[in-house]
Amino acid sequence: MTEERLAVVTGGMGGLGETISTKMADAGYKVVVTYSPSNTKWKQWLEDMRGRGYAFAAFPVDVTDYDDCAAKCERIHKECGPISILVNNAGITRDMTFKKMTKTDWDAVMRTNLDSCFNMTKQVMDGMIERGWGRVINVSSVNGQKGAFGQTNYSAAKAGIHGFTKALALEVAKKGVTVNTISPGYIGTKMVTAIPKEILDSKILPQIPIGRLGKPDEVAGLIIYLCSEEAAFVTGANISINGGQHMY
Amino acid sequence: MSKRVALVTGGMGGIGTAVCRRLASANGNVVVANCLPGYEKRDEWLAAMRAEGFDNVFAAEGDVADFESCGAMVRGIESQIGPVDILVNGAGIVRDSMLRKMSPSDWLAVINTNLNSAFNVTKHLIDGMCERGWGRIVNLSSVNGQRGQFGQTNYSAAKAGIHGFAKALAQEVVKKGVTVNSVSPGYVETDMVRSIRPDVLERIVAGIPMGRLAKPEEIAGLIAYLTSDEAGYITGANIAINGGMYMA
């Protein structure tokens, strides 16, 4: 790497986001995390991270709000430097069957999981193209590939992300910018490991041929590969990391 | 990490050579490059590797289209070097023509070398990988196995078939620490591709959104990532590395 590249990780304080951020920092990237303005624990998180030796810059960004993304990305650019890598990782769930799903539940998931990709990527793409180098990594899900009962909203948003990836990849292929999707299966984040053990053992693990949850480290490792120079020819791809849960 | 033995079939070809170099550079792996029995450039290839400083690269002769030949080759490697931990099924040929003009021998040659080879080689190694609880198998598929290619009914069938093999075997060995994946490169800058008529090659490159061919080193980098410990949660996946040429 010629210079220290700046990576922005949305949802960077979440279960997966935290590991993505620390592993990318370990790999030599300068990492800026964004967190939801409703997150009240951000100070504590930053302090914990400093205790572990990570001096992250953090910005509250409402990824559902285009103008907020624009303002905050401008601040990031001014205070931290140009953004070379964007990991669109922020996401939420509002699970319920379609029959019971309200428009609010649908819209919340669409805005946070899919519109966010537009809102954030739009702020960084011109700069990446001008500098002739960029990596956009969109975090989708196995449930975007196979569909999941009770997740019409989430499955639609996560599948939509890869449509976005493919189209944008074509538009910027000649500019040194790659755009890819990763589709993790069930990962052992705090959210997933908080599921009662009997449900994990009886309902979730039997769906996973490898018989275990993925490690956040493993997902971070894939992202770091995609950020490398060597991965420059990988674009528009959707990479599954799911322990054999879904193959196509 | 312990020193691992990698076998690369077609290891002296354009992509195979880059894969051998890359795997031999990582963690002190020992790499065995397979070639056809009596391959006239074998010694020259090995000498070139030695000259580059790779004293951990060896050659093993065997016809991947012949089950018994593969068995003898693998037994030879096991007795002289050690059990194989990483297998890259890279051997491949083309016999392009439209189906209407394709002879049964053109069909069989491609199916034998590009698809039956996966059975012929893997069969002799898989028990050992499962017993030792660690293994990585990477099959070289192709963008033309994913999208089909005019004049390549044989090649497209074989390359699509090899991913079917990967998905099924991935499930059979998923609990044994063995992963099985495919990589699907687009057009790669090898001697084979460089020998295409300049005007035809120009048209091919014009059809690649990124506007260039892949470097063999880029394919090797992806394979090296898939054979790492960190990639242990990726199995049954087919990873496109095609400069945006085809997106699934």
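Mentor: Fine. Take B:S182, which stands opposite B:N238 in strand 7 of chain B. Bear in mind that this is a predicted model.

Trainee: Which strand is joined to strand 7 of chain B, and by how many bridges?

Mentor: Strand 6 of chain B, residues 178–185, is joined to strand 7 by 4 bridges, and the two run parallel.

Trainee: What order do the strands of the sheet have?

Mentor: The order is 3-2-1-4-5-6-7 in chain B, an open sheet of 7 strands with parallel pairing.

Trainee: And which are the edge strands?

Mentor: Strand 3 (57–61) and strand 7 (238–241) of chain B; each of them pairs on one side only.

Trainee: How much are neighbouring strands turned against each other?

Mentor: By 20° on average, with direction ignored.

Trainee: Which strands does helix 4 of chain B touch?

Mentor: Helix 4, residues 104–122, packs on the sheet and touches strand 4 (86–89) and strand 5 (135–140) of chain B. The helix direction makes about 160° with that of strand 4 of chain B.

Trainee: Switching to the other chain. How many residues are in contact?

Mentor: On chain B 29 residues, in contact with 28 residues of chain A.

Trainee: Which elements of chain B give two or more residues to that side?

Mentor: Helix 7 (153–173), helix 10 (216–226) and strand 7 of chain B. Helix 10 of chain B gives the most, with 5 residues.

Trainee: What is that side made of, by class?

Mentor: The side of chain B that touches chain A has 16 nonpolar, 8 polar and 5 charged residues.

Conventions. Residues numbered from 1 in each chain as written. Chains lettered and ligands numbered in written order. Predicted model: local features only at pLDDT ≥ 70, side-chain atom pairs only at ≥ 80, totals over all residues. Pairing = 2+ DSSP bridges. Axes fitted to C-alpha atoms, helices over the stretch in contact; angles between N-to-C directions. Contact = placed C-beta atoms within 7 Å. Nonpolar A, V, L, I, M, F, W, Y, C, P; charged D, E, K, R; others polar.
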